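Trainee: I have a structure to go through. Can we take it piece by piece?

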Amino acid sequence: MKTSQFFKQKVKKQRRRVKQVAAAVDPALFFRLGVPVPTTNEAARRMANDIAEKLKLDLDSYLSALSSPELAMPLKNAYVQLLSDHSTSERPRTVVKPSTSIVVETQPSAYPTVQPMKAALYFDSADGFGEWRILIGTNATKKLREFRRSDGNKFKIVVKKIKELSNGHFSDDNQKRLDGARSGVPIFEAKMQRDLRLVYQIDCVPDHNGEIERQAIKIYEICTHTQLNRIWDAMNHHLSGKGKEYIQRCTYRNPPVHPGDKVYLPAVFPPEVHDVVVKPLPLALGDQEMDQLHSLLVLDKYITFSQALINGLIAMKDVQHVFELSPQERKIVECTTSCYVLGRSGTGKTTTMLFKMLGIQRAWQLHSEGSGMPRPRQIFVTKSHVLATKVEEYFVKLLDSLSLAGYTLDELAMLKSRNMYRGLVDNDDVPDAQSGIPQRYSELEDHHFPLFLTFDRLVRMIAADILNTDHPGAERATRLFARSQDPEVLDSFVTYEVFVHRYWPRLAHLTKCLDPWPVFGEIMGIIKGSEMSLQFDSGTLDKNTYCSLSSRTNPTFSDQRECLYALFEAYSRLKRHHQHHDIADRTHAVLKVLLGGTPLKGPRVDFLYVDEAQDNLLIDALLLRLTCSNPEGLFWAGDTAQTISAGSSFRFDDLKAFLYRIEVDQASHVVRERAVAPPASFQLAINYRSHGGIVNCAHSVIELIARFWPNSIDSLQPERGVVDGLKPVFFTAWDKDTVRYEQFLFGTSDSHIEFGADQCILVRDEKAKEKLQQQVGNIGVIMTLYESKGLEFNDVLLYNFFEDSTMDLSRWRLVLAAIDGVVEGYKPCQLQAPCFERDETRYVGLCRELKLLYVGITRARKNMWIVDTSDKGEPMRIFWTSRSQIQICTPETDVSHLAVSSTPQEWAESGRSLFQHKRYTQAMHCFGRANMPREVRVAEAYHFRELARATIGIALPSEQCRAFAKAADAFVSCDGEAPGEKLQYYRAAAECYVRAAEDRKAADAYLSAEEYELAAKCYRKAGIFNKTVDVLKSHSEKMSRESADELLTVCRLYYCSKDDEKPPSSLFSSLEEKLAFLETYGLDVALAVLYESQGRYVEAAELHLSEACCEARS
């Protein structure tokens, strides 16, 4: 019996050894060579000899070719010298561009040695796992994290089961088909405990090098047996829509590793492009199941089950992991040239940008050990402070996950030190000195990179260096970009809001039938911000040039150019009179210095990433380009369909042409060591935010814009969702005066419906928002379309968009021209559209209306409701109906209520997100629903400040002061929790007190904020010199020496000129110092009094006698 037992154990061990050896064989290597996997030792030996012989012949031929004199010297000059330059001499190069006199000192950099590596972002499987690559989704990872915190035994069981699957153990318990179909792509369950299941499929994904496709295991859910539902039939159907080849690759199995055993190796296939065809769902799914399918296929991200993931789960660290990219996204990340990435909202533009940054950073880490290679200087630039902050935080979490797999923690600690949570504060209020980033561009060092900045912050840093130059425009450029709390400086900047409220009424005699938004865009984007404006010393197109612009490339005001230019001239006169400046003035001021021969101080960056590029002027692109030394290190991403920022008239085609001319001009003056590859262009068309029902409706709006205004938007391939979903619901045929209409939407007066934390009501503007709030009360998050940009919600209700439109019905009827054929229920005369070509300028405003409509629709992830009963909404409703892209809801339609409930935690999360986007009234509502009174008070204080700022230049000075004093008092009453939070509130209070002309309170607040120099200056301004001296005595070491000396001198002069006030004892350190001061400033009366107090009567008498003689002579 014992012998039999021993024999069985020995056989089992041998089998395990066979399996381990077999699992170590990678069939992909043999596949690339075009040879079969050898099955015996003899076959393997013969194959090795054949391969070695072939390699020897190839090597001989290459060495023979390289030894020829015709090739040896050119190759040495082209490559060997280049490597030695980077590795040893590291000599700086001076690049001079005669045409513009740009001089840039280029220090040794990581370019061109560090390039994106294909393998840099991809993890190997966890230690002890097998050949099957495991991809695990967001929901399953979340469940594993819960098990790790609450049930360690379950955590171990799940990890053990995943390990079994990775080794190809496909027993009956491990691979039981879950979906009801017996065809298509199977969905499996693996049993772990009595009621615990793991749901997965055999997928087929590209290998890391992109040369082959390999079978992998994709884990969707970890759930109980009772939680399994019909969703997996729908999943099967959706996956089967990828085509016959995909189904065959997912269902194919290699022969078992050992005959009769159920252990398999993953199969490999040649790469193949699959046409994804999403079919309609075969099952009538409920809302909950539809949401689940949308989450699994669209919202969930799938990451490799790596050692870094396991370590993160064990350590319970809140990190982010690199997830699986689509083939198109992977091409962008692995692109080694400059590139342009265009894609609509939610298509993953920022993700590809971030992953490329991370890949280059990791490639440097892998190369840098012992080589002394400089760190790649990478910089991410965007207009939005919120976006820059979010991307940086995500990058840090990704870097954290990399550190768990063996990265050094020093890099992570450095980044964390400048990304600490600052609490509930406006990040724009945080002084530059407190951000951990230098205030001058020239002071940037390697450890500051990668860097995430707003465009304004970057140019402030450049301008700070320019201040030290003798160029005549340097001081003005710095003043325009300086971050100052001086009210005069703050009020001198012309935003669109300032243009509308302070300039537009004064231009009324020239603005007949014109909309301020396109006018401001034409002035900023074309007259002042276009490429052609750089040819003029004034930085603006002259009248003749502007009026001669092609109507094809610049159609917006082609018939009103003279009127527009007159408007621009009037605006410029008013701006000069008030000594104001705008965004174009700022950029031109810095460019004039740099293009005038003043070099950019400090080394330029190796890689530049510009996100939401459409929010910039074209001249901003030149300024950004001047900061990058690498012509192949530029990454521009954006979407001109989202250009609703006033002042932007941007197209990517214009950007491409502009930058091409810059590169050609530079190349003509610079001898490069190698040819520069042209930039690549990519389009992202798969929407990862919303389902097909919303995406299709939004894309129809894009089609309308492209049809009538093709030059106002970039032409992209049609956008599509991953899965289908509910079409937007259009409420129509309701009588807006009936009680039932209001009750259905918002509830009765005594029981209002409460919308949830992830739901939003969008209205056109502030006026419409105030009107709705008065009508229905505080029922949920209500915001304008402009406020919603950059945000997204599960459900969106677009309220009275058409009714509040400035476009009348006759202009909205233009969209009917895009309808092909007849529409059921409508007569041909009802579908008649006006002639666009007859008066194109009449419909200019409709282009902006459609862009606003697009932004509104694309804020929704799951449900979109359009509520509008006006006649102006009828043309769009007919247009969508003709394409079957909306559902119509009438009073007779049975529709469930729109609102859903949310937990306090969900309300709190929504409140913080809205606060960071400066949506303070909406944040107040969320914090109130979460029962967070402190956060409500903080958001209210910031809201009061917004209201106060809106009074500048409009209300009476006394009203402005009252508004700022109210905001200041609110800030003082706010409590802080996070480190430094309370200091920021005091600082904000002080700035508001300054605007309210309450200098004493401003000084007290600055003192509490530990802003000692500003506190001392405010005490001096308020005439409270004893407090000024106290601050100087206690905190002079924390102030600039120049300011401290100046303030001390003023205080001394004040007290020395007053007979009735006793000076503080700390005013002078000694009697001799006081005597010297009085003599230096000729304060003879005070000096005589001092002599007398010290018993030095002879000197006092002589001083009095001298004074008397002087008076007698005069």
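Mentor: Start with a definition: a salt bridge is a side-chain nitrogen of Lys or Arg within 4 Å of a carboxyl oxygen of Asp or Glu. This is a predicted model, where local features need pLDDT of at least 70, side-chain atom pairs count only at pLDDT 80 or more, and totals for chains, interfaces and linings use all residues. Residues are numbered from 1 along each chain as its sequence is written, and side-chain values use heavy atoms, leaving out hydrogens and water.

Trainee: How many salt bridges does the rule count?

Mentor: Side chains of opposite charge can pair when their charged atoms come close. By this rule the count is 42.

Trainee: Which residue does E792 meet in a salt bridge?

Mentor: E792 sits in the loop between α28 (785–788) and β23 (793–799), and its partner is in strand β24 (residues 860–867), so the pair ties together parts 69 residues apart in sequence. Helices (H or I, at least four residues) and strands (E, at least two) are DSSP runs, numbered from the N terminus. The N to O distance is 2.8 Å, and the partner is R861.

Trainee: Which strands are at the edges of the open sheet with 6 strands?

Mentor: Two strands pair if DSSP finds at least two bridges between them. The order is β22-β21-β23-β24-β18-β25, with parallel pairing. Each edge strand pairs on one side only; they are β22 (782–784) and β25 (887–889).

Trainee: Which helix packs on the sheet?

Mentor: Contact means heavy atoms within 4.5 Å. The helix touches β21, β23 and β24, and its direction makes about 130° with that of β24. It is α30 (residues 844–857).

Trainee: Which residue of β23 is the bridge partner of C760?

Mentor: Strand β21 (residues 759–763) runs parallel to β23, with 4 bridges joining them. The partner of C760 is V796.

Trainee: Why is α34 called roughly antiparallel to α35?

Mentor: Axes are lines fitted to C-alpha atoms, for helices over the stretch in contact, with angles from 0 to 180 degrees between N-to-C directions. Angles under 35 degrees count as roughly parallel, over 145 as roughly antiparallel, 65 to 115 as roughly perpendicular and the rest as oblique. The axes of α34 (residues 933–949) and α35 (residues 957–972) come within 8 Å and cross at roughly 165°. That makes the pair roughly antiparallel.

Trainee: How many residues does the hairpin from β5 to β6 go through?

Mentor: Strands β5 (residues 188–191) and β6 (residues 196–206) run antiparallel, joined by 4 bridges. K191 has R197 of β6 as its bridge partner. The hairpin goes through 4 residues.
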